[in-house]
Amino acid sequence: MSQGSSPVTLFSPYKMGKFSLSHRVVLAPLTRCRALNGLPQPALAEYYVQRSTDGGLLISEAAIVSDTGAGMPRVPGIYNDEQVEAWKKVVDAIHAKGAFIFCQLWHVGRASHEVYQPGGGLPISSTNNPISKRRNVLLPDGSHGTYPKPRALETQEIPQVVEHFRQGALNAIQAGFDGVEIHGAHGYIIDQFLKDGINDRTDEYGGSLENRCKFLIQIVQAVVAAIGADRVGVRISPAIDHLDAIDSKPLILGLAVIERLNRLQQNWGSKLAYLHVTQPRYSAHAQAEASKLSNDEEEAVFMRTLRNSYHGTFIASGGFTRELGMQAIASGDADLVSYGRLFISNPDLVLRFKLNAPLTKYNRKTFYTQDPVVGYTDYPFLNKSYYMDEEERLSRL
């Protein structure tokens, strides 16, 4: 696809609703466990500023919408005034670099542990069934534990969780965020309602596709009513099995969600900011067991089907390289591409991609440590002489 005579690339501008983006490389939401006592620290501002570009889009690490929402240590919240004030400093620093940032709204549901719950209670979910013992939960002391049996929400309790997402969105806008992303993916609470491999409810939120989609759609409606559709993104992962989140018919599930989002947009007369979808290659098990996809081409067909069905901006994520991102944009399979691990170890990823420069390797062992520097803000930028020489060479071509 092209704009006029110029081919569309990762570095082409893009109009995402009211937001004019200068390129199509997005910082994916990445939990980093550096928010002490649930509060963003100065290190968070430095981390995001390092990855900010003029006209670039960042999606924040997931911020929990209630005190029952955490499932990892040192994750930030967006449910009280102190958190809002702390986020303001981070967002202001990002805006000073000319970048946009959306706050990802999160509740982990059953992917938690009693140590993270008020009064040591049970995590809440769509089900009473726990995550299998082949998975483990990271505890505050750095050790790993078994996920406990959750407590299925009573039907009358569900509106309160919807309200937490609505209030979280209002808080995010108060903190200065440009918008929010509703985290409906990766085995967390919304996904626990969507997936038939988890949701075993017999009330109006279980059973049929219509019922399983209801929780997500109610959250989307509440958040949009609070802050406007053009400030709201939604993330889903129908073919991903993270935290045992398996569905027997992932493509049908994804299309069902998209059909409902399209219908809402038509009713509103306004589009959501974007739909953010994690592709199957993110999880080998999902590819083999859930999506039944056997090769890259079938995976591409899966994502292309979702992309072509959705009426709005489509962000693709999951295992993209520079080359794969360029292909996705050029073919029209995505409007924007989000990068996670590569952005962790390459704060100047956009520049490196532009110059096709070497990338710094990431260190998994420091993804979730509490150090405010090591493995967080200490990854190197390109040597200035490298990109000056390279830019001069490119200018002569």
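## Cores, a helix pair and selected residues

Gln265 is buried, with a relative accessible area of 5%, where buried stands for under 20% relative accessible area, exposed for over 50% and partly exposed for what lies in between, computed with a 1.4 Å probe on protein chains only. The model is a predicted one, in which local features need pLDDT of at least 70 and side-chain atom pairs count only at pLDDT 80 or more, while totals for chains, interfaces and linings use all residues. Residues are numbered from 1 along each chain as its sequence is written, and side-chain values use heavy atoms, with hydrogens and water left out.

**Surroundings of Gln265**

- Gln265 has its place in helix H6, helices being DSSP runs of H or I with at least four residues and strands DSSP runs of E with at least two, both numbered from the N terminus.
- Once neighbours within four places in sequence are set aside, Gln265 is in contact with Ser270, Lys271, Leu272, Tyr310 and His311, contact being defined by heavy atoms within 4.5 Å.

**Nonpolar cores**

- A nonpolar core is taken here as a set of buried Ala, Val, Leu, Ile, Met, Phe, Trp, Tyr and Cys residues that are joined through side-chain atoms within 4.5 Å.
- The largest nonpolar core has 84 residues, and those with the most contacts inside it are Tyr48, Phe165 and Phe215; helix H5, residues 209-227, gives the most to this core, with ten residues.
- Apart from this core lies another, of 17 residues, among them Cys33, Met72, Ala111 and Ile131.
- In soluble globular proteins, nonpolar side chains tend to be buried together.

**Tyr48 and Val90**

- Tyr48, leaving aside neighbours within four places in sequence, is in contact with Leu27, Leu58, Ser60, Glu61, Trp87, Val90, Ile94 and Ile101.
- Val90 lies in helix H2, residues 81-96, and counts as buried at 2% relative accessibility.
- Not counting residues up to four places away in sequence, Val90 touches Pro40, Gln41, Leu44, Ala45 and Tyr48, whereas the C-alpha atoms of Val90 and Ile59, which are 31 residues apart along the chain, are separated by 13 Å.

**Packing of H5 against H6**

- Helices H5 and H6, the latter comprising residues 250-268, pack at an angle of about 40 degrees with their axes 10 Å apart; axes are lines fitted to C-alpha atoms, for helices over the stretch in contact, and angles run from 0 to 180 degrees between N-to-C directions.
- On the H5 side the contact is made by residues including Leu209, Cys213, Leu216, Val220 and Val224, and on the H6 side by residues including Ile252, Ala256, Arg260, Leu264 and Trp268.
- The residues of this contact divide into 13 nonpolar, one polar and three charged, with Ala, Val, Leu, Ile, Met, Phe, Trp, Tyr, Cys and Pro counted as nonpolar, Asp, Glu, Lys and Arg as charged, and the others, Gly among them, as polar.
- Cys213 is buried, with a relative accessible area of 1%.

**Cysteines and positive phi**

- The count of disulfides comes to zero, a disulfide being a pair of cysteine sulfur atoms within 2.5 Å; for Cys33, which is in no disulfide, the nearest cysteine sulfur, that of Cys103, is 16 Å away.
- Cys33 lies in the loop between strand S5 (25-27) and helix H1 (42-50), is buried with a relative accessible area of 0%, and has a positive phi of about 60 degrees although it is not a glycine.
- Asn356, likewise not a glycine, has a positive phi of about 55 degrees; Asn356 is found in the loop between helix H11 (349-355) and helix H12 (384-395) and is exposed, with a relative accessible area of 53%.
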